[in-house]
Amino acid sequence: MKPGATDSWLVIGYGNTLREDDGAGPAVAEAIAERGAPGVRALACPQLSPEHAETVAAAGQVIFVDASAAGGAGIGWESLAPPAAATIDGHTLAPGTLLALARQVYGRAPPSFALTIPARRLGFGERLSPETQAGVDAAIRAILEATSRAAPENQKAIRLGQ
Amino acid sequence: MASRIVIDPVTRIEGHAKISVFLDDHGNVSDAAFHVVEFRGFEKFCLGRPYTEMTGITPRICGICPVSHLLASAKAGDAIMAVSIPPAADKLRRLMNLGQIVQSHALSFFHLSAPDLLLGWDAPPADRNVFGLMASHRELARAGIRLRQFGQEVIEVLGGKRIHPAWAVPGGVRAPLGNEGRERLQAWLPEVFATVRATLALYRGTLPAREGESRVFGDFPSLFMGLVAPDGTWEHHGGRLRFTDAGGRIVADQIEPRDYRDVIAECAHPSSYLKSPYYRPLGPEAGMYRVGPLARLNICSRMGVPEADEELRRFRALGRGAVTSSFHYHYARLIEILAALEYIERALRDPDLGSAELRADAGINSRRGVGASEAPRGTLFHDYSVDANGLLTGVNLIVATGQNNLAMNRTVAQIARHFVTGGRITEPMLNRIEHGIRCFDPCLSCSTHAVGHMALHVTLLDADGKVRHEAWRD
């Protein structure tokens, strides 16, 4: 890890912006990028892919933001770690697999979190449902609050979504 | 007693894709069908919008080949305006497409296929993946990631963003290649050339041991289709359509992409909503054709660049006339990466790429526009119809995965015939069917980022619908 790297945050919001609520992740990332908070880099993309591993490995901490079709009422936080057994079997990677790749290739998997936003509609369209838009707003607030603190000692709070 | 085996990849939102293997009364494989998603939803979604928006919308169809949709869409827009775009704009679009070919083929080869090819199909599943590959071929795996990064860098240097660059527009492109970006790419070239040369040498060394697989992984006669230059040279963005047969003979040549309906028809199967394109004059059976790297190398007379031409000669020795095994899509992909790098190197020396004359302007001069470009997986058509105001009244997208559908069915059936024994689903069968599909590198991730996961659910059913055997792979 390079000196000074621990205070940098990487926010990756991913999803398809033509599939209604699946675009929640990119919407959050774009909003975070617009805020221009110091020490916070945001990346919006349709899917996670292997070349993201270098960027991830260089970050102090990473927040993966994704829409979730699993239901639930509000945004969810979860701590992430590289799985013991990872594989790449499609054109896109899961966050844990990307962390495993970062560790394997670049020697480092930073502390990471998954922030999920409940998705209600996944048809064709560019608009978010009101529920998911509310989740996006909540996610932006949570990320800005979390990243405004000194990073390492606040990981517990981040995990709890406080 | 007739039976059916179903292999059902799990997806989150849509992209319903499954494999059905049909057994006859004697338990022998009689047929197979690979069902993939099509983009009818996007086609409907776009109606009523200005055609000029399509270069911003259609790249978002797919996270893995957005540049392909971008360029085909821009070409369809050119046709609606009835303009010839400035030469520099054409060169810049070509450069971006070469970057797309490099990054997409690198992902397919190094991350998805190399573990099977270099570690073997019977290696433990826990090891037979890119992480296992890193343990045995660490530098190769790292170099593969860097190669893909280079392709992405070409796209980013031109478009400003790696994914979904709204850079190509009807009439041309928005920006030239800057000196800083040109120098960055030129400095990177020696490394990626070294990677692909070393990989080709390694891969060629594995071919003798893979003769068995090459005979059952989709080795059958078919037509091949793609774009070629007027003199038959390999094409990836311009040119016209050529069909050749399994003997390497030209069946049809120099067909304008806008006339694709004269030579391509679609048939429907009762088991699927997916239509299967075929060469119209020969009908669905004899007219089955393949697109993509294998097809492009079979139809062209030469690559047009020295190192790739030398490699093409080695490749051609694998067949008589045409190379007919789908297994050799992998080799073809590597050769196309090499060719793309040679063309990129050549392009970066061209001062035209810094030109300020990049865009033609015109109104609506044609109510229909067809754009065709070679996506990494094969020829991509965007066919738009507009009203007098330029609002879309019809959109038809013909993608490579759909065009390869009949050939993928045939490939799966051939593999299943070889490996399905005793009415049971075995690990070797799963591994090889999975890889048979992977030869074509079908794009299942075009609808959402979650689609494309190749988890398999295989069920063997008897004629009464009773489950005889099931196997899962997450």
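Residues are numbered from 1 along each chain as its sequence is written, while chains are lettered from A and ligands numbered from 1 in the order in which they are written. Because the model is predicted, local features need pLDDT of at least 70 and side-chain atom pairs count only at pLDDT 80 or more, whereas totals for chains, interfaces and linings use all residues.

Chain A contains 5 helices and 5 strands, where helices (H or I, at least four residues) and strands (E, at least two) are DSSP runs numbered from the N terminus. Read from the N terminus on, these elements follow the order β-α-β-α-β-β-α-β-α-α. Of the 162 residues of chain A, 52% count as buried, a residue being buried if 20 or more other C-beta atoms, placed from the backbone, lie within 10 Å of its own. Among the contacts in chain A with a separation of 6 or more, 73% are between residues 24 or more positions apart, a contact requiring C-beta atoms, placed from the backbone, within 7 Å.

In chain B, helix α12 (residues 306-316) packs with helix α13 (residues 329-347) at an angle of about 165°, and their axes are 8 Å apart; axes are lines fitted to C-alpha atoms over the stretch in contact, with angles from 0 to 180 degrees between N-to-C directions. The angle makes α12(B) roughly antiparallel to α13(B), a description that applies over 145 degrees. The contact involves B:Glu307, B:Ala308, B:Glu311, B:Leu312 and B:Phe315 of α12(B), together with B:Tyr331, B:Ala332, B:Ile335, B:Leu338, B:Ala339 and B:Glu342 of α13(B). By class, this contact has 8 nonpolar, no polar and 3 charged residues, with Ala, Val, Leu, Ile, Met, Phe, Trp, Tyr, Cys and Pro counted as nonpolar, Asp, Glu, Lys and Arg as charged, and the others, Gly among them, as polar.

Helix α16 (residues 427-440) of chain B has 11 of its 14 residues buried, so it is largely enclosed by the rest of the structure. Just after α16(B), B:Asp441 takes a positive phi of about 50°. Within helix α16 of chain B lies B:Gly436, which is buried, with 27 other C-beta atoms within 10 Å. Not counting residues up to four places away in sequence, B:Gly436 touches B:Phe217, B:Gly218, B:Thr411, B:Val412 and B:Ile415. By contrast, B:Gly436 and B:Leu92, which are 344 residues apart in sequence, are 35 Å apart in space, C-alpha to C-alpha.

Key: Buried ≥ 20, exposed ≤ 12 C-beta atoms within 10 Å, placed from the backbone. Contact = placed C-beta atoms within 7 Å. Parallel < 35°, antiparallel > 145°, perpendicular 65-115°, else oblique.
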